[in-house]
Amino acid sequence: MSGGLYSLATIIKRLEAATLRIEDIAASQGLTVHAPQPPSLESPGNENLLAGAPTSPPPPPPPPPQQPTPVSSAPLEDPKSVVAFDELVIEGRVKPFLELTRSFAGASVIEIVALVEKQYKDLRAFLRLVGLCQQPDPKALEELLTPLQADIEAISRAKEANRKERDWFTHLTFIGEGAPSVGWVVSPKPGPYIDGIKESADYYGLKLTREFKEKDPKHVEWVKAFVAILQAMRNYVMEYHTTGLAWQSKGITVEEYQSASASAGAGAPPPPAAAGGGAAAVFAELNRGEDVTKGLRKVDRSQMTHKNPTLRAGSVVPGTASSATPPKRPIKPSKPSSLAGKKPPKFALDGNKWAIEYQENEAGLTVTDVELNQAVNIFGCKNTTVVIKGKVNAVTLVNCIKTAVLIESVVSAISVTNSPSFTLQITGSAPMIQLDSTDSGQIYLSRASLSAEITTAKCSSINVSLPVEGEEDGVFEEQPVPEMLKTVVQGGKLVTTIVEHTG
């Protein structure tokens, strides 16, 4: 046993000596040697160590694996079709039109033209997406078209809100008729679609041209500038989107495009909302709806000042432990309809219908240049006289008060509904007059209209003035329309006759 221990100690000493010698050799050659662990006798290569043979330096460690280079988020380039749209439409026509408008037009026209500018910017953004992306599904496409639809509606609202601008309303209508031209993006025939919108706008453009040709040629130039925008867009469409939107079959998806656009235009995040009280807390509390009143408590009779004179004298009502919630304020009553704001008057031809609305105290509104296929709709007027020169298809009077209408001739019928104290005079012919829910009215018939059929429903105090035979024009005899009817049963059927008073 002692001999084995002696042999082991001898081996360890020899190993230490060999280690020291190796370190001396490495130091003389300028190498750095890490202190090795004592090797095992069974390890291969120990024969060289024991013999003192020099060793080669250890191989360098393998380099770490290279990390993949992140893809750079470079902004997407504008496709050729968008560059052409900028040159032909935005830079070539829209911007000069904006500058011309600001040089002479009124505030209402400048406002609606600013909406036109936004409309074409949104159209450009949509065309850029089309030029880079694959065609999305119908639902996604509908969402992408929402800004353009909102622009058309905004222009229409701006036109309607400025009807009182009599000096500029034809200009506003001219722009409003041309606004839907951007709807070519959903048409399989964009070129003809734009032509149809352009024809609608040309009607009002010709009216402006006739009106200002001699007074102020700048208005005529303005009309031509807007028409040039529509024509330039048609030329662009016929070159790049002849049969509809030209989506890119090998392009990126709409989601990838929106992600790239968001990363390219991402800015600093908005500051966090302030926590705690203030106006934000008040609105948050109000937004709870009916839950906001759940904390209110029921007041006992002992706390009612009108039941206890002593409480009124002290001007202080004793509270309870649960009276922390403030009392509910009374709801402000809404204004009655009679106090509501007046709506802007309207007098315009929309398609084949004349719209005369919300006119008050107008003594001579005249409708001229009418056609047989046109109808005249009078709505919400008060103390107004309307003269219709020529023969029209139909005339309708609804929700008017003390309104008089002078008509030459009507092809189909005249209808009066819920319009008390009306006056209706026919100088030509009219086959039918229909009255419904109307009290107190006067009808003057000409000799050519004596064959007219007059029907009434829920009406009273209606008088019809007939021309006196043998007298000159303008001499009438007034006769009331019967109001009292008698109904009896005869042979299992109801028979209604007029009650006549005699004596």
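The legends below describe close-up views of a predicted model.

**Figure 1. Overview of the predicted model.** The protein has 503 residues, of which 30% count as buried. Its secondary structure consists of twelve helices and 14 strands. Among contacts with a separation of 6 or more, 38% join residues 24 or more positions apart.

**Figure 2. Helix α6 and its buried side.** Helix α6 spans residues 146-161, 16 residues in total. From first C-alpha to last, α6 reaches 22 Å, close to the 22 Å expected at 1.5 Å a residue. Its buried residues are Leu-148, Asp-151, Ala-154, Ile-155, Ala-158 and Lys-159. These residues lie on the same side of α6, because they cover an arc of only 135 degrees around the axis. In an α-helix, residues three or four places apart point the same way, because there are 3.6 residues a turn. The packing partners of the buried residues of α6 are α4 (107-132) and α7 (169-178).

**Figure 3. The largest nonpolar core.** This core has 58 residues. The residues with the most contacts inside it are Tyr-120, Leu-123, Phe-126, Phe-174, Ile-175, Trp-184 and Trp-222. At least two core residues come from each of α3 (80-104), α4, α5 (138-144), α6, α7, α8 (190-212), α9 (217-240) and α10 (254-264). A second, separate core has 32 residues, including Trp-354, Val-405, Ile-426 and Ile-443. In soluble globular proteins, nonpolar side chains tend to be buried together.

**Figure 4. Surroundings of Trp-184.** Trp-184 is one of the residues with the most contacts inside the largest nonpolar core. Neighbours within four places in sequence are left aside in this view. Trp-184 is then in contact with Leu-123, Leu-127, Pro-190, Tyr-193, Ile-194, Met-233, Val-237, His-241 and Leu-245.

**Figure 5. Val-89 in helix α3.** Val-89 is found in helix α3 and counts as buried, at 0% relative accessibility. Leaving aside neighbours within four places in sequence, Val-89 is in contact with Ala-84, Val-94, Tyr-120, Ala-232, Met-233 and Tyr-236.

**Figure 6. Arg-128 in helix α4.** Arg-128 is found in helix α4. Its relative accessible area is 15%, so Arg-128 is buried under the 20% cut-off. Apart from neighbours within four places in sequence, Arg-128 is in contact with Leu-76, Glu-77, Asp-78, Pro-79, Val-82 and Tyr-257.

**Figure 7. Pro-180 in the loop between α7 and α8.** Pro-180 is found in this loop and is partly exposed, with a relative accessible area of 24%. Not counting residues up to four places away in sequence, Pro-180 touches Ile-152, Tyr-193 and Ile-197. Gln-149 is 31 residues from Pro-180 along the chain, and the two C-alpha atoms are separated by 8.7 Å.

**Figure 8. The aromatic pair Phe-347 and Trp-354.** The structure holds twelve aromatic pairs. In this pair the ring centres of Phe-347 and Trp-354 are 6.1 Å apart. The planes stand at 50 degrees, so the pair is tilted. Phe-347 counts as partly exposed, at 32% relative accessibility, whereas Trp-354 is buried, with a relative accessible area of 12%. Trp-354 is also included in the second, separate core.

**Figure 9. The aromatic pair Tyr-444 and Phe-476.** The ring centres of Tyr-444 and Phe-476 are 5.3 Å apart, and the pair is edge-to-face because the planes are at 75 degrees. Tyr-444 lies in strand β9 (residues 439-444) and Phe-476 in strand β12 (residues 476-480). The pair therefore ties together parts that are 32 residues apart in sequence. Tyr-444 counts as partly exposed, at 25% relative accessibility, and Phe-476 counts as partly exposed, at 31%.

**Figure 10. An aromatic cluster and a lysine over a ring.** Ring pairs link Phe-97, Phe-174, Trp-222 and Phe-226 into a cluster. Of these residues, Phe-174 and Trp-222 are among those with the most contacts inside the largest nonpolar core. Elsewhere, Lys-215 lies over the face of Phe-212, at 4.9 Å from the ring centre.

Conventions. Residues numbered from 1 in each chain as written. Predicted model: local features only at pLDDT ≥ 70, side-chain atom pairs only at ≥ 80, totals over all residues. Heavy atoms only, no water. Helix = DSSP H or I, 4+ residues; strand = E, 2+ residues; numbered from the N terminus. Expected span 1.5 Å × (residues − 1). Buried < 20%, exposed > 50% of the residue type's maximum accessible area, 1.4 Å probe, protein only. Arc of directions from axis to C-beta. Contact = heavy atoms within 4.5 Å. Core = buried A, V, L, I, M, F, W, Y, C linked by side-chain atoms within 4.5 Å. Phe/Tyr/Trp six-rings, centres within 6.5 Å; stacked < 30°, edge-to-face > 60°. Lys NZ or Arg CZ within 6 Å of the ring centre and 35° of its normal.
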